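Q: I would like to go through this structure step by step. Could we begin with a term that will be needed along the way?

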Amino acid sequence: MNTGAFVCSCAGTCAVDLESVREGVEGVDVVASSSLLCDDGLEAMAQVIDEYELDQLVITASEAGCKQKFRQLGVEKGLHPEATSFVNHREEAGWVHDEPAATAKTARLINATYAGLREEASSRNVSKETGESVAVVGDAEAAAALADTANVTLIADGTDFADSDTDLDDVAVERGRVIDVEGSFGEFELRLESRVTEDCVGCMKCVREGPDGEVTRYPVDIAPGVEDGDWVECCPTDAIALEGVERTLEADQVVYPDADAQTRGGRLGFHTGSLDAATAAAVESLLGGIEKPKHLDLEMDVCASGASSQMGCNECVDACPHGAVERPNIDEVAFDEVACQNCGACTSACPTGAVELREPSNERIAREVEALLEPRETGGWLFGGADSLGEQVIAFVCSERARRALREYGRRATVGDADEFRYHPVLPVSVPCTDTVGEAHVMHALAAGADGVALLGCGEACSHTGPEPKADFVSRLNRATTDFGLGERVAFLAPDPNTPEAFVESLSAFVEDLDDSPIPAGGHVATGHLVDADRPNPSYDSHGWTLESVRAILGHVEPEREVIRGLKDFGWMEVNDDCVLTPTCTNLCPTDAIRRIEGSLQFNHELCVNCGLCAEGCPEAAIEMEDGLDLSLLPENREGDDPAWVTVREGEMRRCIRCGDPFTSEASARKIEDEVGETVAGLSSDSEHSVFEYCGNCRARFLFEG
């Protein structure tokens, strides 16, 4: 791909030095600039595209109209409609920073955009066909409003619609109160309880003779807790069942205004709250099914969720705010890619790389971060001073509300007091949600030389995980950076368009507390995996990528602790004397971090992802997992022929009395002998040796020959 970068100063209204930006852009085939690209510069752009045979364009532009002109020019020159990308050099640079900082930041944003484009994933879709049935709970007006386009069933949920003015002629009305809603989009099941069975013929006798106000007329149903009496006998079809009867109703979608959301961030096809225009549009858009971008790459062979009916890692299930991950069995997890809403929570939580976000991929994020960070001497030479940007702070910016807030600051800075909206020139990396960011992303940014890492999210307005979703995460990562000797380097901030001063104050306080990082910027390029370790995991899995970054950091710091706290994807095992060296833990471990050799149990800290499956499955409950990265257990800090492995339990092996081969541990053999020895005592009456002294093969021959 031949790539050209084009820089504009918007007729001098944007505080960027065009020449300096051109000099700061790296890697592309050509860089050109104009004071007004969208007008006088279009003809020159066309000539550059032809001369350099460009396939891809990166352009500084903010206005929708300007972007449309540039896209149209690209199409006219034979480029794909999506081959034109944009950098916001006004609202996120020139209008909120001084000229040196805005100039430096614009060049780096172009570099990061170009670096990210080289890792852009090809588009793929997932789809699901459904029917057009919608169950509406308790809201007659909502049911009637949807009846023109959907097959609507109105569940009374105790409401009497007899006096309703709403036209329900096209709506099926069902009696019963909702007990539970299960399932997913296209396959919802509503469990209903009523006190009138389907044998009811609507004769209204129970309404006339039953307790006042306790029997509804349309649909006929009886309130819970009504006392029995002679009136029950009035029903000619014996349809009254005061003990309650349950039935299940199926629907493709559910509108349940009074329900609590089934998940923190909402669930596809499950609509709560009043039926406003947006909800009605969402319901109608899902009728018949859905086709949407594929957000996840799955590699379930490396999943640590469980084995042999033992539950292991549950990180993705706990993290998903949309109910798109569940456990069909105790030892496995399953992903509903149609229900996925691209927040990235499961991908940042997964330690093994079993699930990864397709776009932006971890590799794309890594390349963008590395492109944004530059050695201080380079920035000083090019832009007239080492402090043009000051502290280099990588900001992972939610592409929803947080990014819009930053753009609003830029717009308002041009018509109000500009100083009120000026903030430290953070280096932004766009992510679908701050939930996309895990410990691997933060550690990589620090390894690449960032002085600090800020997560700019939605705060209480987050449509995925609710208020302050990253509070615990930030605390955990700051504990780790402190243990490394770096001090606190991570913050979560929620920019609000209406309170810029709060954001500026919080960001300034965070930056002021940052010291220059001892880790030089521009020197680390991630591979996303452990070079010398034998692992099947994909590159940029959280565990491997984090450990690679940690090792880069350790080359420049003096840790304050030997065990680094706060990194959840690392654990080390302690084994007590109850261990009899059965092979259970070695068979269960999904990352092969445990092995038995010559009667000893050995552990590899470098491979362990802290899933807890070994401790969960140990029949003797002899294993306890401790959280944290123990630097002393890493192979580079140990001696010996096989330094990655440490012995956690010593034991003597029992050798077969016949062939001499070791076949089990002495402790395990004694345990089995104590439990079943009397039962099988007579099987070896002609031998001076117990059946427990023979290996499996020799035992069979011995018993057969005997």
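This is a predicted model: local features need pLDDT of at least 70, side-chain atom pairs count only at pLDDT 80 or more; totals for chains, interfaces and linings use all residues.

Q: Which ring does Lys470 lie over, then?
A: Lys470 lies over the face of Phe473, and its distance from the ring centre is 4.3 Å.

Q: What about rings with rings: how many aromatic pairs are there?
A: The structure contains five aromatic pairs. In one of them, the ring centres of Tyr409 and Phe421 are 6.4 Å apart and the planes stand at 45°, so this pair is tilted.

Q: Where in the chain are Tyr409 and Phe421?
A: Tyr409 belongs to helix α13 (residues 401-413) and Phe421 to helix α14 (residues 418-421). The two are twelve residues apart, and the pair links distant parts of the chain.

Q: Buried or exposed, those two?
A: Tyr409 and Phe421 are both buried. They also belong to one aromatic cluster, together with Tyr423 and Phe503.

Q: And Tyr540 with Trp545: what kind of pair is that?
A: That pair is edge-to-face, because the planes of Tyr540 and Trp545 are at 80°; the ring centres are 5.2 Å apart. Planes over 60 degrees apart count as edge-to-face. Tyr540 is buried, with a relative accessible area of 4%, and Trp545 is buried with a value of 0%.

Q: Changing topic: how many salt bridges does the count come to?
A: The count comes to 33 salt bridges. In one of them, the side chains of Arg407 and Glu92 meet at 3.3 Å, N to O.

Q: How many residues apart are Arg407 and Glu92?
A: They are 315 residues apart, with Arg407 in helix α13 and Glu92 in helix α4 (residues 90-94). Arg407 is partly exposed, at 31% relative accessible area, whereas Glu92 is buried, at 3%.

Q: What about Arg247, which residue does it form a salt bridge with?
A: Its partner is Glu198, and the closest N and O atoms are 3.7 Å apart. Arg247 lies in strand β13 (residues 240-251), while Glu198 is in the loop between β10 (188-196) and α7 (205-209), so the pair ties together parts 49 residues apart in sequence.

Q: And which residue does Arg411 form a salt bridge with?
A: Arg411 forms a salt bridge with Glu408, the closest N and O atoms being 3.2 Å apart. The two residues are three residues apart in helix α13, so about one helical turn separates them. Arg411 is partly exposed, at 38% relative accessibility, and Glu408 is partly exposed as well, at 24%.

Q: Now helix α11: how many of its residues are buried?
A: Ten of the eleven residues of α11 (residues 362-372) are buried, so the helix is largely enclosed by the rest of the structure. The buried residues include Asn362, Ile365 and Leu372. Among the elements covering them are α5 (99-117), β23 (393-398) and α18 (542-554).

Q: Where is Arg364, and what does it touch?
A: Arg364 is found in helix α11. It is buried, with a relative accessible area of 11%. Leaving out residues up to four places away in sequence, Arg364 touches Gly116, Leu117, Glu119, Glu120 and Glu359.

Q: How many residues has the largest nonpolar core?
A: The largest nonpolar core has 108 residues, and those with the most contacts inside it are Phe6, Ile394 and Leu567. Helix α5 gives the most to this core, with ten residues. Apart from it lies another core, of 29 residues, one of which is Tyr409.

Q: Last topic, strands: how many bridges join β30 to β33?
A: Four bridges join strand β30 (residues 600-604) to β33, and the two run antiparallel. Gln602 stands opposite Thr647 in β33. Strand β33 (residues 645-649) is mostly covered, with four of its five residues buried.

Technical notes: Residues are numbered from 1 along each chain as its sequence is written. Side-chain values use heavy atoms; hydrogens and water are left out. Buried means under 20% relative accessible area, exposed over 50%, partly exposed in between (1.4 Å probe, protein chains only). Two strands pair if DSSP finds at least two bridges between them. Rings of Phe, Tyr and Trp (its six-membered ring) pair if their centres lie within 6.5 Å; planes under 30 degrees apart count as stacked, over 60 as edge-to-face and the rest as tilted. A charge sits over a ring if NZ of Lys or CZ of Arg is within 6 Å of the ring centre and within 35 degrees of the ring normal. Contact means heavy atoms within 4.5 Å. A salt bridge is a side-chain nitrogen of Lys or Arg within 4 Å of a carboxyl oxygen of Asp or Glu. A nonpolar core is a set of buried Ala, Val, Leu, Ile, Met, Phe, Trp, Tyr and Cys residues joined through side-chain atoms within 4.5 Å.
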